[in-house]
Amino acid sequence: MSLFKKMFSREKKETLDKGLEKSKNDFFSKLGKAVAGKSKVDDEVLDDLEDVLVSSDVGVGTTVKIIKRIEERVARDRFLGTEELNRILREEIAALLSETNSGEATNFHVPADTKPYVIMVVGVNGVGKTTTIGKLAYQFQKEGKKVVLGAADTFRAAAIDQLQVWADRVGVPIVKQSMGSDPASVAFDSVQSAVKQQADVVIIDTAGRLHNKVNLMNELTKVKRVMQKVVDNAPHEVLLVLDGSTGQNAFEQAKQFTAATEVTSLAVTKLDGTAKGGVVIGISDQFQIPVKYIGVGEGIEDLQVFNKFEFVDSFFKK
């Protein structure tokens, strides 16, 4: 199928294949049981397939859309064998994700006409937020961009220390204050520093406390407002980091954060250690917010640009 032409390098694709191995094996194990002894795709197979998709963390809403698409294929083609189900799933899920008009990038990229490009990163503690920021800084620097980090998660000393470790590892400057400092003040200083250094990208870490959504909303609104005093329309991107291994809980976190602030892109991490990779398909479809990055390993190179065609190809590769 033309949708699945080669886009990634061989090494990058192998990393993606390996990162999605648990999810793929779990899915095909369930699918194999669902179609055992069946020769054609009928109502019973579709019912079983629906259970497989939901239990693979694709999400109910997205599963309903996929099943409807396959029902239409069955009605149109009249006879579809169960051996064709894998190919049909790949095609229909790729087509569904194409409707979100995202996930087509192959490289780490920021607009050349926006300098510094300001990324505000949000997400609860433990999802891999700081690690994602560090790996993003590495990738942007690798692309020849000058990067500045801002440690505006002042709620936890550990968050500041962890970001410092990444700044040292990647070799990029970091702007920080002491624990308990005003996050907006750190964000202001970070953007101001980026302007003075003529940086291409500034990545601002923020606290991810969801127990009081009103406080979170007020804090993020304030952070945005002070950054705009330095750079118009900052932040240019609000990146929400979600832990893919939590499955349906990642959906809930996405709901909470999109209610608290305007999220413009998503990063789904820790996909290599879980069988819940289907959550990427559901989140990409349900929130209509681009999944921009996925974490498929612990290595510094293992944060990848999300490409829906490569992802679906790896997920359904036998």
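Predicted model: local features only at pLDDT ≥ 70, side-chain atom pairs only at ≥ 80, totals over all residues.
Colleague: How many residues of strand E4 are buried?

Modeller: Six of the six residues in strand E4, which runs over residues 201–206, are buried.

Colleague: Which strands pair with E4, and in which sense?

Modeller: Strand E1 (residues 117–122) pairs with E4 in the parallel sense over five bridges. Strand E2 (residues 147–152) also pairs with E4 in the parallel sense, over six bridges. As for individual partners, Ile119 has Ile203 as its bridge partner in E4, and Val147 stands opposite Val201.

Colleague: What holds paired strands together in general?

Modeller: Strands of a sheet pair through backbone hydrogen bonds, and the pairing can be parallel or antiparallel.

Colleague: Where does E4 come in the order of the sheet?

Modeller: The open sheet has eight strands in the order E3-E2-E4-E1-E5-E6-E7-E8, and its pairing is mixed. Strand E3 (174–175) and strand E8 (303–305) are the edge strands, each pairing on one side only.

Colleague: Back to Ile203. What is it in contact with, apart from neighbours within four places in sequence?

Modeller: Its contacts include Ile119, Val121, Ile133, Phe140, Val147 and Leu149. Ile203 is also one of the residues that touch the most other members of the largest nonpolar core, which has 104 residues.

Colleague: Why is E6 described as largely enclosed?

Modeller: Five of the five residues of E6 are buried, so the rest of the structure largely encloses this strand. Ser265, Ala267 and Thr269 point one way, whereas Leu266 and Val268 point the other way.

Colleague: And helix H11, how many of its residues are buried?

Modeller: Helix H11 (residues 279–287) is mostly covered, with eight of its nine residues buried. Among them are Val280, Ile281, Asp285 and Phe287. Just after H11, Gln288 takes a positive phi of about 50 degrees.

Colleague: New topic: how many salt bridges does a search of the whole structure find?

Modeller: The search finds 24 salt bridges. One of them joins the side chains of Lys13 and Asp313, at 3.0 Å from N to O. This pair links distant parts of the chain, with Lys13 in helix H1 (residues 10–19) and Asp313 in helix H12 (residues 308–315), 300 residues apart.

Colleague: Are those two side chains buried or exposed?

Modeller: Lys13 counts as buried because its relative accessibility is 4%. Asp313 is buried as well, with a relative accessible area of 16%.

Colleague: What does Asp17 form a salt bridge with?

Modeller: Asp17 forms a salt bridge with Lys317, the closest N and O atoms being 3.0 Å apart. Asp17 is in helix H1 and Lys317 is in the segment after H12, 300 residues apart. Asp17 counts as buried at 18% relative accessibility, whereas Lys317 counts as partly exposed at 32%.

Colleague: And which residue does Lys276 meet in a salt bridge?

Modeller: The side chain of Lys276 meets that of Asp57 at 3.7 Å, N to O. Lys276 lies in the loop between E6 and H11, and Asp57 lies in the loop between H3 and H4, 219 residues apart. Lys276 is partly exposed, with a relative accessible area of 30%, while Asp57 is buried, with 8%.

Colleague: Last one: which residues make the nonpolar surface patch of about 240 Å²?

Modeller: Val54, Val60 and Val64 make that patch. Val54 is in helix H3 (residues 43–55) and counts as partly exposed because its relative accessibility is 34%.

Methods:
Residues numbered from 1 in each chain as written. Heavy atoms only, no water. Patch = residues over 30% accessible without salt bridge, like charges linked within 9 Å, V, L, I, M, F, W, Y side chains within 5 Å. Areas by Shrake-Rupley, 256 points an atom, 1.4 Å probe, with all protein chains shown as cover. Salt bridge = Lys/Arg side-chain N within 4 Å of Asp/Glu carboxyl O. Helix = DSSP H or I, 4+ residues; strand = E, 2+ residues; numbered from the N terminus. Buried < 20%, exposed > 50% of the residue type's maximum accessible area, 1.4 Å probe, protein only. Core = buried A, V, L, I, M, F, W, Y, C linked by side-chain atoms within 4.5 Å. Contact = heavy atoms within 4.5 Å. Pairing = 2+ DSSP bridges.
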